[in-house]
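Biologist: I am new to this one. Please show it to me, then let us go through it by question and answer.

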Amino acid sequence: MLNNIGPAGLLLIAVVVLVLFGRGKIANLMGEVGKGITAFKRGVKDSTEEIENASTSEDGGAAARDVTPERERDNA
């Protein structure tokens, strides 16, 4: 079905989308998508740096840290 869409069909789809949503809404939507992609890339970079920093710490990252919540740790 999608193999039969040519340049004329794509142009028609673009015109219909533009008429339905308007130029302003599409521009705002693309801006939000761009912000989301940027935030995702920043998060991936930050987590990668955090992992690298943990593995190059003084003890070589071999020591395990206690992540048990305090109230459960006190009861044990």
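**Reading the model**

Modeller: Start with Ile-5, which is partly exposed at a relative accessible area of 35%; buried means under 20%, exposed over 50% and partly exposed in between, with a 1.4 Å probe and protein chains only. This is a predicted model, where local features need pLDDT of at least 70, side-chain atom pairs count only at pLDDT 80 or more, and totals for chains, interfaces and linings use all residues. Residues are numbered from 1 along each chain as its sequence is written, and side-chain values use heavy atoms, leaving out hydrogens and water.

Biologist: Which residues is Ile-5 in contact with, leaving aside its neighbours within four places in sequence?

Modeller: Ile-5 lies in the segment before H1. Contact means heavy atoms within 4.5 Å. Neighbours within four places set aside, the partners are Leu-10 and Ile-13.

Biologist: What accessible area does the nonpolar patch on the surface have together?

Modeller: Patches take residues with over 30% relative accessible area and no salt bridge, joining like charges within 9 Å and nonpolar side chains (Val, Leu, Ile, Met, Phe, Trp, Tyr) within 5 Å. Ile-5 qualifies on area because its relative accessible area is 35%. Other members include Leu-10, Ile-13 and Phe-21. By the Shrake-Rupley method with a 1.4 Å probe, and only the protein chains shown as cover for residues, the patch has about 750 Å².

Biologist: On which residue is the kink in H1 centred?

Modeller: Helices (H or I, at least four residues) and strands (E, at least two) are DSSP runs, numbered from the N terminus. The kink is about 95°, centred on Gly-22.

Terms used. The bend at a residue is the angle between axes fitted to the seven residues ending there and the seven starting there. A salt bridge is a side-chain nitrogen of Lys or Arg within 4 Å of a carboxyl oxygen of Asp or Glu.
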